[in-house]
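Here is a short report for a reader new to this structure.

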Amino acid sequence: MEIGAYSFGDTQRNPDGSLGSTSQAISNLFEAVKFADTSGLDYFGIGEHHTTTMPASSPGALISAAAASTKQITLGSAASIISTDDPVRIYQQFATADIISGGGRVEITAGRGSSVETFPLFGYDLRDYDELYDQKLNLLMSINDSESENVTWSGTTRPDLANLAVVPRPAQKKLPIWLATGGNAASSARAGRLGLPVSYGIIGGAPHRFAPLAELYRKSGAAAGHSSEALKVSVGALGLVAPSTKEAVERFYPGWYNLNIEMGRLRGWPKPDKRAFDAQVAAPGAYYVGSPDEIAERIVHLHGYLGHMRHFLQSDIGGLPQEHFLESIKLLASEVKPRVERLLAQK
């Protein structure tokens, strides 16, 4: 089981409660990735958002920088919003990062995006949501599967490619491409049909409710002739690890509250209710907030339902202090991971 972390580049708060700078947020994120590598974490994902509270707008740029500054950790987007970006440029950026990393450490996770701010930002029509994703995923896979640098592709969402070179090629033969989904059954079936690893973003409800989706994914993949080795499942969730569960909850709640206030402003959500937070923190809720023992046990419990091979947490939300984020990373690597491995070995 791989254990990891992911981030959208949380912007921290000043002592007076005002929002800090987005430049400091990116510096903190870069520091966290390097720290995760030296701590022995398996994976770090960098998501894509375009807001003042989550300014990690260019996963490819950050991953290229991290590739040059780390030695062993796997780096990936979590996720790249391919609907409103150019798959050619995404591929080129991540192939470049893979070369810089020495090869075999860089992945792309292709997503639609849980928010829609990229559509007006890059001039796309939200009514084309499904068509954009379908065609651009097809283009990204066509580039990755090409036996040479020259790629031919046609569609309606961007200009055609007529035997044009898409370079550089990655150091590894192909870049791993994951399909991100928040729990849509059609997305699970699509990932299986295409033989792509699937990454479930679980942000609410009981995580084991995703078991039928994982089963659908594997059945769809098998029906399409894909090997079981190609059909991988990962889980990204909100969570924070601290020496004790009490400390973890006390540290995580203020950021959760701030995030939900911000999302309420952007999307019209109701004011956050502490009872909702408490319900998600308590097992079997969606938030992995607690001590190393508790988090390890909950990850293994979910593994019994999903059989996933990677579990990674988003901790730095709503202004979480950097020292608490770094401590969570250290505990994930040094205490949660060995506990998970020991518990799985006992099964």
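## Strand β1 and its partners

In which sense do β1 and β12 pair, and over how many bridges? The sense is parallel, and the bridges between β1 and β12 number five. This is a predicted model. Within this pairing, Glu 2 faces Arg 310 of β12.

β1 also has β2 beside it. These two strands run parallel and are joined by four bridges. Here Gly 4 stands opposite Tyr 43 in β2. How enclosed is β1? Of its six residues, five are buried, so the rest of the structure largely encloses this strand.

## Helix α1

Helix α1 covers residues 22-39. Just after α1 comes Gly 40, with a positive phi of about 95°.

Which residues of α1 are buried? They are Ala 25, Asn 28, Leu 29, Ala 32, Val 33, Ala 36 and Asp 37. In an α-helix there are 3.6 residues a turn, so residues three or four places apart point the same way.

## The largest pocket

The largest pocket holds about 1,000 Å³ of space. It is lined by 45 residues, and the closest to its centre are Phe 8, Gly 113, Ser 114, Gly 201 and Ile 203. Several elements give two or more residues to this lining: β5 (106-111), β8 (177-181), β9 (198-202), β10 (233-241), α8 (245-267) and β12 (310-314). Which element gives the largest share? That is α8, with five residues.

By class, the lining of the largest pocket has 20 polar, 19 nonpolar and six charged residues.

## The second largest pocket

About 270 Å³ of space lies in the second largest pocket. Its lining has 17 residues. Closest to the centre are Leu 175, Pro 176, Ile 177, Pro 197 and Lys 232.

Both α5 (129-145) and β8 supply at least two residues of this lining. The most come from α5, which gives three. As for class, the lining of the second largest pocket divides into 10 nonpolar, five charged and two polar residues.

Definitions and conventions. Residues are numbered from 1 along each chain as its sequence is written. This is a predicted model: local features need pLDDT of at least 70, side-chain atom pairs count only at pLDDT 80 or more; totals for chains, interfaces and linings use all residues. Side-chain values use heavy atoms; hydrogens and water are left out. On a 1 Å grid over the protein atoms alone, a cavity is a set of points where a 1.4 Å probe fits but cannot get out, and a pocket is an open set with protein on both sides within 12 Å along at least five of seven lines; lining residues have an atom within 4 Å of a point. Grid points are joined across faces, edges and corners, and a volume is the space filled by probe spheres set on the points. Ala, Val, Leu, Ile, Met, Phe, Trp, Tyr, Cys and Pro count as nonpolar, Asp, Glu, Lys and Arg as charged, and the others, Gly among them, as polar. The expected span of a helix is 1.5 Å times one less than its number of residues. Buried means under 20% relative accessible area, exposed over 50%, partly exposed in between (1.4 Å probe, protein chains only). Two strands pair if DSSP finds at least two bridges between them.
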